[in-house]
Amino acid sequence: MILGTYYCIDGHTCGNPVRLVTSGHPTLLGESMSEKRQHFLRDYDWIRRALMFEPRGHDMMSGAFLYPPTTADGDVAILFIETSGCLPMCGHGTIGTVTFGLESGLITPKEQGVLKLDTPAGRVNAYYEMKAGKVTWVRLYNVPAFLAYQAVPVHVDGLGELILDIAYGGNFYIIVEPQSLFAGVDQSCAAELLAWSPKVRAAVNAQINPIHPEDSTVCGASHVLWTGKPQHPGSHAANAVFYGDKALDRSPCGTGTSARMAQLYAKGLLKEGDTFVHESIIGSQFIGKVEGTTEVAGKAAILPSIQGWARQTGSNCITVDDEDPYALGFQV
Ligand code: PYC
């Protein structure tokens with residue numbers, strides 16, 4: 001029996017995959033996208049696993065469903081799906097979803113040049129430029145980002161004691177600066193980062209388990225952001241973000257860049273109005289900016305923007321058939 005049929009636009013944002021699923025949406029209960037995300041995780045997580053994991057996806061796969069807006073002034077709502085679960089917010093996913101949604105006509109803005117997006121993490125506005133039917137760039141104004149914990153000593157097997165910061169940028173990020181065996185991000189350290197990251201994440205969540213002060217469903221440090229010196233002209237810093245069980249973001253990571261800017265702002269290394277060009281492990285760049293400042297539950301926070309681009313690579317129609325023993329995906 002066919003469990004579901006899903007038409008998709010596939011592509012990438014600065015190298016990281018985005019699969020915009022354009023049919024087969026389950027009906028989700030709840031008033032906000034945060035509530036709808038909880039319903040999806042409870043009853044429909046099998047759809048995510050089928051579309052993200054092998055044999056229909058892969059370790060890095062990431063995507064989204066579009067839903068009607070959940071606010072009176074919203075244009076469209078986004079549910080993010082990924083190998084790691086349903087993120088409250090995803091920066092590269094938003095840039096890809098907005099690009100493919102506009103180019104395919106699935107998203108029609110109320111006002112040209114800007115979209116008001118309802119995401120599980122809250123309101124995100126996306127500005128864009130469109131020329132001859134193609135979106136050239138998207139700049140998203142993300143949810144408030146803040147440094148949640150600073151200089152926490154954590155013992156990690158194989159790495160010893162690390163000093164770590166934890167910042168929120170739409171997800172909670174463990175930020176690792178060069179120390180111990182880690183000399184800084186470059187392409188040659190991908191295998192080590194994949195081996196170390198799950199240990200770092202488990203140790204941090206056993207010790208701290210951060211919770212968003214305004215939404216307790218956003219909890220746990222899900223991503224590990226490893227920092228480094230940039231290799232490409234124009235970049236201020238490099239990073240590699242680990243997510244899921246085996247993924248290193250090929251893009252500079254939008255929510256990670258937001259968290260990193262919040263960390264640097266809290267340490268006095270960035271100020272309001274500063275631009276921060278962040279480079280990924282493959283050298284692609286996002287332009288981040290500290291657009292403003294605010295507070296989250298009494299904590300100093302920044303209002304970050306992230307600009308990047310996305311390209312479609314094709315489209316496909318995925319079926320999930322329960323006669324296939326791997327209908328719901330697998331991981332090796
Ligand atoms: O761009 O926010 C992001 C992101 C999160 C995980 C992978 N990319």
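This report describes the helix packing, nonpolar cores, cysteines and salt bridges of one structure.

## Basis of the description

This is a predicted model, in which local features need pLDDT of at least 70 and side-chain atom pairs count only at pLDDT 80 or more, while totals for chains, interfaces and linings use all residues. Residues are numbered from 1 along each chain as its sequence is written, and side-chain values use heavy atoms, with hydrogens and water left out.

Helix 1 spans residues 33-43; helices (H or I, at least four residues) and strands (E, at least two) are DSSP runs, numbered from the N terminus. Its buried residues are Met 33, Ser 34, Lys 36, Arg 37, His 39 and Phe 40, where buried means under 20% relative accessible area, exposed over 50%, and partly exposed in between (1.4 Å probe, protein chains only). The cover over these buried residues includes helix 2 (45-52) and strand 3 (62-67), together with strand 4 (76-82), strand 5 (114-119) and strand 12 (215-219).

## Nonpolar cores

A nonpolar core is a set of buried Ala, Val, Leu, Ile, Met, Phe, Trp, Tyr and Cys residues joined through side-chain atoms within 4.5 Å. The largest one has 70 residues, and those with the most contacts inside it are Leu 193, Val 200 and Trp 226. Another core, of 20 residues, lies apart from the largest one, and among its members are Met 61, Tyr 67, Ala 77 and Val 320.

## Val 296 in strand 17

Val 296 is found in strand 17, which covers residues 285-296, and it counts as buried at 3% relative accessibility. Leaving aside neighbours within four places in sequence, Val 296 is in contact with Pro 144, Phe 146, His 212, Pro 213, Glu 214 and Ala 301. One of these, Pro 213, is 83 residues away from Val 296 in sequence, yet the two are 7.6 Å apart in space, C-alpha to C-alpha.

## Cysteines

The structure holds zero disulfides, a disulfide being a pair of cysteine sulfur atoms within 2.5 Å. Cys 8 is in no disulfide, and the nearest cysteine sulfur, that of Cys 317, is 7.7 Å away; Cys 8 counts as buried, at 2% relative accessibility. Cys 14 is likewise in no disulfide, with the nearest cysteine sulfur, that of Cys 253, 12 Å away, and Cys 14 counts as buried at 2% relative accessibility.

## Salt bridges

There are 12 salt bridges in the structure, each being a side-chain nitrogen of Lys or Arg within 4 Å of a carboxyl oxygen of Asp or Glu. In one of them Asp 45 pairs with Arg 48, the closest N and O atoms being 2.7 Å apart, and the two residues, three apart in helix 2, are separated by about one helical turn. Asp 45 is buried, with a relative accessible area of 14%, and Arg 48 is buried at 7%.

Asp 165 forms a salt bridge with Lys 267, with the closest N and O atoms 2.5 Å apart. Asp 165 lies in strand 9 (residues 160-168) and Lys 267 in the loop between helix 5 (254-266) and strand 16 (275-279), so the pair ties together parts that are 102 residues apart in sequence. Asp 165 is buried at 3% relative accessibility, whereas Lys 267 is partly exposed at 31%. Asp 165, Glu 177, Arg 260 and Lys 267 are linked in a network of salt bridges.

Note on methods
Contact = heavy atoms within 4.5 Å.
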